[in-house]
Amino acid sequence: MTFPSDEQASELRELFFESAEEILQRMNEAGLALEQHPGDVERLREIRRAVHTLKGDSAACGYRQLSELAHGLEDVLTPELAQQHAELLAEVILTAADTFHEMLAAYRNNLQPPAGGALRDHINRLLNKPAAQTEDAPAEAKFEWTEYERLMIADAIRRGENVYNVAVRLDPEALLPAAAFELARKALEGAGKILAIRPEGGAPSVANRLIEAAVSTKKTAEWIRKHCHVPSVVEKISVERTPVLPSPTRDLLDILVESEAAAVAAGVKSVREAAREEDESRDAAAPAGLAHAASENTLRVDAGRIDTVMNLVGELIIGKSMLQRAITDFERRYAKDPVRGKLVDALGFQSRVLGELQKSVMKIRMVPVEQLFRRFPRIVRDVARLRSKDVGLEIAGQNTDLDKGILDALADPLAHLVRNAADHGIESAAEREAAGKPARGKIRLNAYHDGDQVVIEVSDDGRGLDRDKIVRRAVERGLLSADAGAQLSETDALQLIFTPGLSTADEVTEISGRGVGLDVVKSALETLKGSVELESERSKGTTFRLLVPLTLASIQALLFRVHGRLYAVPIASVGEITRITEDQVHRVDDHEVFQLREQVMTLVRLDRLEPRAVNNRAKRLFVIVIGSGGRRFGLAVDSLMGEEELVIKALEDHLVTSPLVSGASILGDGTVVLILNVAAVVSHLSKIPELEAIA
């Protein structure tokens, strides 16, 4: 047997954690499905296969407590028990998913995993295990070691070591079972190296009182028997030589890879597993080639490698820009040179190939939003049960693709919105029926493409937002005066819900009311260079609309100059461009505004970042009309430089880390251009709520 190096072991564990998370998601989905259809035998078999894979994978990584618990769960996932306890099985599976999630989190952080007492109680209840055993029928030692432990034992035997199976029965008269267990364990450790032990986490139950261990030692069996017989602690001890296990030499990495392939090959079962599931003695040989084919068709690549390729593509785009500028200069100097046409054709070909390369690399990072949406049925179910509500979840657009980095960053904001919808938005069944609505509330998740953005909507048919309540809470917290609150429009009043620390919950619960409001959602969207829109109607429902870019790697941007500095804004947020004179700029409530057709808009001047430039303003201005978050405002600039594709770069500069700048890029001539965080610029310069506009 060969053990992996530290680097291989680390990769093995990462592979395990990744596959385990997918298994837990499948368990959640199966638990929810079995709640609706308790007699779904095929669903039960599917989840049993997943638990079997988790058991093997965790054993291969040395996580014995998780493997042992998964083994116990596997025993109850049978059609016979499903028929007898159909109403309990779904709850057991969901409890198992939560317990395994906590254990995985502990293993990731090198902490002691939880014991999983609730899950063990469920398993014992379903298996009808007695609460206690009589003295006439004590539990017998079985020495059922995991595959990993058997490999450890076989390796010790091959090295010529003596390996014994030791069973220690504790004295039932011992007053402190936990202390007795520790004394017996210390005695076993003194006898040699413990390769495996049951139980692992703590003292055995009162009914069992049995400790089983595999010990590698140079001592004799008689010496071990005498050494481990602790007076008043150990009642009986048996020592027997461990039989040689006739298993071939295998690499631990091979074990996990095989388990992973089995998990990927949906529907492929081994003979042993099929026999356990069906409780039949017939052979069910599974074609081994399918597992290998499935693993070969899936290539696991570290995200950092893809990012490296994307950065190199970005460098090529900058190189294309440099070449384009050089060709433009050549055309200006040698307009009639026949080489000019060849250079233009070559540049066009390079641009097409580079564009396809960029799209291909971006597609590798793209994943369907279904990976994120799959988490939310469980959240809705748990909140609904906790709040005694009847809530359903509808999902649409789950095949919409989005950059994986953005999708991962959206997990917490979306979970917050979904919990809010189930907790605050949806009324109780009695309230809904009194209002003439169906007793069952509805939350809808939808995703779709809109130009260069992806829009994710979270909507409900609940009570809607209470404008007066939001304003009243804002006044109570000193966020604005009562007079200012009374003058707010409906849209402006609803935007207060995104203010830090503002919560409209009337009571503090496990879900809400702790002052962690929707500002978390807005902050996350701004970090992603996105925005959030809000629509609500009393007694009809609320819709949150999250707008995020397809990718954070590159953008189409409009370039402009203000006081000699070069800036850019995403072209997707530009509504139109116009020109005005200083005479057309007016002041209303200490804010500069201008009129564009029938609309009066706030005017934002970037030159206010440099006070010395205020006295040097031109009499005629370019105004870029920016649309964001459902509002429009004007951005005053000195000159327009055109549109260009920018590769977003992380530059280590104090300006780039400023909240006013969302990123930076490098042009073909080496010029650095700052990409503005429009929302932060407006908030900083106007000293008013972000994206404030007067309509």
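Select strand E6 (residues 391–396) together with strand E8 (residues 441–450) in this predicted model, and you will see two strands that run parallel and are joined by six bridges. To find one of the pairings by residue, display isoleucine 395, whose bridge partner in E8 is leucine 445.

Next, select glutamate 427, which lies in the loop between helix H18 (411–425) and helix H19 (429–434). Is glutamate 427 buried or exposed? Its relative accessible area is 7%, and because this falls under the 20% cut-off, the residue counts as buried. Now show its side chain with those of arginine 432 and lysine 437: a polar contact of 2.9 Å joins glutamate 427 to arginine 432, and the side chain of lysine 437 also makes a polar contact with glutamate 427, at 2.9 Å. Beyond its neighbours within four places in sequence, the residues in contact with glutamate 427 include Lys389, Asp461, Gly462 and Arg463. Extending the selection to glycine 464, which is 37 residues away along the chain, gives a C-alpha separation from glutamate 427 of 9.8 Å.

Finally, move to glutamate 592 in strand E16 (residues 591–596), which counts as buried at 17% relative accessibility. With which side chain does the side chain of glutamate 592 make a polar contact? Display arginine 605, whose side chain is the partner, at 2.7 Å.

Technical notes: Residues are numbered from 1 along each chain as its sequence is written. This is a predicted model: local features need pLDDT of at least 70, side-chain atom pairs count only at pLDDT 80 or more; totals for chains, interfaces and linings use all residues. Side-chain values use heavy atoms; hydrogens and water are left out. Helices (H or I, at least four residues) and strands (E, at least two) are DSSP runs, numbered from the N terminus. Buried means under 20% relative accessible area, exposed over 50%, partly exposed in between (1.4 Å probe, protein chains only). Contact means heavy atoms within 4.5 Å. A polar contact is a pair of N or O atoms within 3.5 Å; within protein, one must be able to donate a hydrogen and the other to accept it, and residues adjacent in sequence count only if both atoms are side-chain atoms. Two strands pair if DSSP finds at least two bridges between them.
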